[in-house]
Amino acid sequence: MSQLSEFVSSNHDRNVEELKELLRIPSVSSLSEHKEDIQKAASWIANKLKTIGMEHVEITQTNGHPIIYADWLHQENAPTVLVYGHYDVQPVDPIDLWETPPFEPDIRDEKIFARGATDDKGQTFLHIKAVETLLKLENKLPVNIKFCIEGEEEIGSPHLPQFLSDNKEKLACDVVVISDSDMWDRGVPAITYSLRGLCALEFSLKTANTDLHSGMFGGGVQNANHLLVQLLSTLHDENGKVNVAQFYDDVLELTEFEKEQIKALGFDEEKLKKSLGLSDLTGGENDFPYSEKISSRPTLEINGLWGGFQGEGTKTVIPNEAHAKITCRLVNNQNPEKIQGLIKKHIEEHAPEGCTVKVTLQDTGNPFLTPIDSPMIQKAARAYEQVYGKSPVYKREGGSIPIVSDFNQALHAPVVLMGFGLPDENLHAPNEHFNLENFDKGILTICSFLELM
Ligand code: BES
Ligand code: MN
Ligand code: MN
């Protein structure tokens, strides 16, 4: 065993205990009752960065949640690596389905269970530990390092773009490294070279100026629920394609090479169907394979709809109001604001007679795509090979990290997405966990990556 891996494994228990401290802080970014916890998590990380020897550690308050910056800049002729991660987590509901409480980290079967264990406290922590390890062993780092850790990723990073443009100098770097994605499978690392973007909107539909008795008025006036369903059904065609004019205009199609690559990865649809309790995987566009649909094609989903009576028993009412929430996953080169506009127009133009609609535009985030033969990605690949004994798979991710494309554009630096999660770690769901087999290996891979620079 090398000195490095010996050091990492002899510190394993202490490192895991430290991660548990961070996981105990319920830093849920979307719920205002956790505002204090968010501050606690930010301070915890800032203190940790100081303890391991990072300098200029700063917590910047925003109108939302704080951003942590730190650096170590003592390698004059070496490149500068910027590490991004997020310390905020998703809400925990439904809480009843957790086997152990979400903010009381528990280790079972070599996995650590807690909200944030894989997304993204656990993975961000690996970078902190890699830097600590190298500083302890060598007293210096092979490169210059900057950290930028935020607390609003799970709510769409509303304040980070401003921070990036206000601090371009300070954040200047040769590469941005992010561990907030997953591997392909146990023992099979992956580099994510594409993320989907997204846009959100909601609308309400109104008919009469009040709910009406369905006996006195039924048969003669419009029902808001009926019109909502009619309108929503115009959003897709019978082949599962999004039926909004110009929606696909800017979609960058996969190359034949990429299609072959995705096929060659051999996605196990039978296994997935079984694990989801489904008899088919026929969502979305009929004329695309499942693995392309979930990674490289845009979607439009109705995330919620409500209207009328939801209580116990029967109510003979004609509702005068109904609502729907919609989000899209977008791919290069779709523009989220443009797509929002197209959908708004579609909803207004397809609103059935007898109602008014009001559309509200919400969050947007750009898609991301980077060439896999870039030198930085190749260095990450070598690092994985050294530690996992296997070349990484290159994959497109269906999820989003909206700030990635901003980093890419604002800092003119390539972004490397080196994930250490596994696809079945229940992120955003009950019983989120991180497999500890990727804990020491993750630290070692990051150390190798920094050394290969
Ligand atoms: N880390 C995830 C994104 C992700 C998931 C990457 C799985 C790779 C594999 C990130 O924290 C996330 O959940 N993003 C949200 C963004 C949204 C809340 C703006 C998403 O994709 O829904
Ligand atoms: Mn994440
Ligand atoms: Mn997430």
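1. A residue is called buried when its relative accessible area is under 20%, exposed when over 50%, and partly exposed in between (1.4 Å probe, protein chains only). By this rule H346 is buried, because its relative accessible area is 4%.

2. The structure is a predicted model, in which local features need pLDDT of at least 70, side-chain atom pairs count only at pLDDT 80 or more, and totals for chains, interfaces and linings use all residues. Residues are numbered from 1 along each chain as its sequence is written, chains are lettered from A and ligands numbered from 1 in the order in which they are written, and side-chain values use heavy atoms, with hydrogens and water left out.

3. The manganese ion (ligand 2) is coordinated at 2.0 to 2.4 Å by H86 (NE2), D119 (OD) and two entries for D180 (OD). Donors are N, O and S atoms within 2.8 Å of the metal (3.2 Å for Na, K and Ca); water is not among the atoms, so sites may look incomplete.

4. D119 also coordinates the manganese ion (ligand 3), which is 3.6 Å from the manganese ion (ligand 2). H86 lies in strand 3 (residues 80-86) and D119 in the loop between strand 5 (111-113) and helix 4 (121-138), so the pair ties together parts 33 residues apart in sequence. Helices (H or I, at least four residues) and strands (E, at least two) are DSSP runs, numbered from the N terminus. Both H86 and D119 are buried.

5. H346 is placed in helix 11 (residues 336-350).
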